Amino acid sequence: MTARSAKAAPSRPPRRTSGVRPPRGRRTAGGPRGLHTRLKRAWDRPLTAYYLILGGSLLITVLGLVMVYSASQIKALQSGLSPTFFFRKQLLAAALGGGLLVIASRLSVRLHRGLAYPLLAVSVFLMCLVQIPGIGVAVNGNQNWISLGGPFQMQPSEFAKLALVLWGADLLARKQDKKLLVQWKHLLVPLIPVAFLLLGLIMLGGDMGTAIILTAILFGLLWLAGAPTRLFVGVLGTATVIGALLIKTSANRMSRLACIGATDPGPGDQCWQAVHGIYALASGGFFGSGLGASMEKWGELPEPHTDFIFAITGEELGLAGTLSVLALFAALGYAGIRVAGRTEDPFVRYAAGGVTTWITAQAVINIGAVLGLLPIAGVPLPLFSYGGSALLPTMFAIGLLIAFARDEPAARAALAMRQPVFGRRPAGVRWKTMRRRVKKRPSGER
């Protein structure tokens, strides 16, 4: 043994195996800033819009079914019907709407564009049938319904909203591809004449609430198309003048306008519905009186399961319930704007923006009327209020948004990583995480 080998090696301290501090750049941040960073990362994930649209719409629909069941029982009994009559009809409409949602979410953009002209033609034809005596049916003074036999009726103007979105998006997308939207005449024609045709057919039946929603969709499409401010001012001014004339010439609409912010039913109880909607919201408190315990639905509040279902929600579920509904609609609106803003396809941008404008504007008008901030327009709360004619096209529109959210390149890649080929795992591969695959070892290997 040499002297070098006999010399003892210097002792080294044992290496730590635990408690090692991570590098500064990878250290997990704590506190409010760390929470904000994690939330921002989660918010920016490719599938965020997809999950918000799917989850938010389903939650709104399910909660709406619960509230329709609670709010409509007394109304059904007063009409000599089963207490579950309106709930069963809404459940059937939700099931059919769910099928339409799945179909719409699986169709390609080309097929969606192919539906634009047939849907517009059918909507115009049905709205013309509404004005024929013996076919059209008047409900609450508005002749906008067609009887389908028995207790079933259809309101064609609800499908006109979807028709205007698809047809307008296809029209503007084709003109953008040809670089024609820089000219005023191509922005206005034929979009404005067709929109005014739909508005005229709707106003023949006296339904100004639906006409306001269609006007909002028209403005949304023009905004997305990059219409100049002067054009907006002109179209908005024309719509305002026409709307003012229609309101001025109708005593019913003037009385609704006078009930904004009312705290007393007034002469002849003209503000009865608006005031009792406020009573329902005020009596709910923070957490409500309990599901099914509303007092206003016992004949005091008209239309508790349709136009004023949000008031019953506030009475039974309280401020917590109404804020939850508002949060779901806000998430749905944000997701729709995100889909419209991130796509490269002009049709997808216009269609997603049109659907988002439609649902958001209708929710604002309905909730604003219940809160006494806007006149009562007679429009339902999307996906929430009772009414199959409103629910079916709205759920198809939600399916459109889901299809567009899935079609984003980053979202397609994320979904492909989560779904194995042909629905099963490759042989000999075990999935550990979303991004990593570990091959199985042969049986004889240790």
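Biologist: Lys 179 lies in the loop between α7 and α8. What value of phi does Lys 179 have?

Modeller: In this predicted model, phi of Lys 179 is near 60 degrees, a positive value in a residue that is not a glycine. Most residues other than glycine have a negative phi. Lys 179 comes after helix α7 in the chain.

Biologist: Is Lys 179 buried or exposed, and how do you know?

Modeller: The relative accessible area of Lys 179 is 68%. Exposed means over 50%, so Lys 179 is exposed.

Biologist: How do you know that helix α7 is largely enclosed by the rest of the structure?

Modeller: The count of buried residues decides it. Of the 22 residues of α7, 18 are buried, and therefore the helix is largely enclosed.

Biologist: What span is expected for α7, and what does the helix reach?

Modeller: Helix α7 covers residues 156–177 and reaches 31 Å from its first C-alpha to its last. At 1.5 Å a residue, 32 Å is expected, and the span is close to that value.

Biologist: Which other residue has a positive phi although it is not a glycine?

Modeller: Asp 269 has a positive phi of about 55 degrees. The place of Asp 269 is in the loop between α12 and α13.

Biologist: Why does Asp 269 count as partly exposed?

Modeller: The relative accessibility of Asp 269 is 42%. Buried needs a value under 20% and exposed a value over 50%.

Biologist: What makes the pair Cys 259 and Cys 271 a disulfide?

Modeller: The S to S distance is 2.1 Å. Two cysteine sulfur atoms within 2.5 Å make a disulfide, so Cys 259 and Cys 271 are joined by one. The structure holds 1 disulfide.

Biologist: Why is the disulfide of Cys 259 and Cys 271 called left-handed?

Modeller: The torsion about its S-S bond is about -90 degrees, and the disulfide is therefore left-handed. Cys 259 and Cys 271 are 12 residues apart, and each is in the loop between α12 (251–258) and α13 (272–284). Both cysteines are buried.

Biologist: Let us turn to helix packing. At what angle do the axes of α3 and α14 cross?

Modeller: The axes of α3 (residues 48–78) and α14 (residues 309–342) cross at roughly 155 degrees and come within 9 Å.

Biologist: Why is α3 called roughly antiparallel to α14?

Modeller: Angles over 145 degrees count as roughly antiparallel. The crossing is at roughly 155 degrees, and that makes α3 roughly antiparallel to α14. The crossing is left-handed. By class, the contact has 20 nonpolar, 6 polar and 2 charged residues.

Biologist: At what angle do α14 and α15 pack?

Modeller: Helices α14 and α15 (residues 346–370) pack at an angle of about 160 degrees, with their axes 10 Å apart. That angle makes α14 roughly antiparallel to α15. The crossing of α14 and α15 is left-handed.

Biologist: What makes Gly 97 and Gly 220 buried?

Modeller: Buried means under 20% relative accessible area. Gly 97, in helix α4 (residues 85–106), has 0% and is therefore buried. Gly 220, in helix α10 (residues 208–224), has 11% and is therefore buried. From C-alpha to C-alpha, Gly 97 is 8.5 Å from Gly 388, 291 residues apart in sequence. Gly 220 and Val 165 are 55 residues apart along the chain, with C-alpha atoms separated by 9.6 Å.

Biologist: Is the peptide bond from Val 189 to Pro 190 cis or trans, and how do you know?

Modeller: Omega is near 0 degrees, and the bond is cis. Most peptide bonds are trans. Pro 190 is placed in the loop between α8 (184–188) and α9 (191–204).

Methods: Residues are numbered from 1 along each chain as its sequence is written. This is a predicted model: local features need pLDDT of at least 70, side-chain atom pairs count only at pLDDT 80 or more; totals for chains, interfaces and linings use all residues. Side-chain values use heavy atoms; hydrogens and water are left out. Axes are lines fitted to C-alpha atoms, for helices over the stretch in contact, and angles run from 0 to 180 degrees between N-to-C directions. Helices (H or I, at least four residues) and strands (E, at least two) are DSSP runs, numbered from the N terminus. Angles under 35 degrees count as roughly parallel, over 145 as roughly antiparallel, 65 to 115 as roughly perpendicular and the rest as oblique. A crossing is left-handed if the near helix is turned anticlockwise from the far one by less than a right angle, and right-handed if clockwise. Ala, Val, Leu, Ile, Met, Phe, Trp, Tyr, Cys and Pro count as nonpolar, Asp, Glu, Lys and Arg as charged, and the others, Gly among them, as polar. The expected span of a helix is 1.5 Å times one less than its number of residues. Buried means under 20% relative accessible area, exposed over 50%, partly exposed in between (1.4 Å probe, protein chains only).
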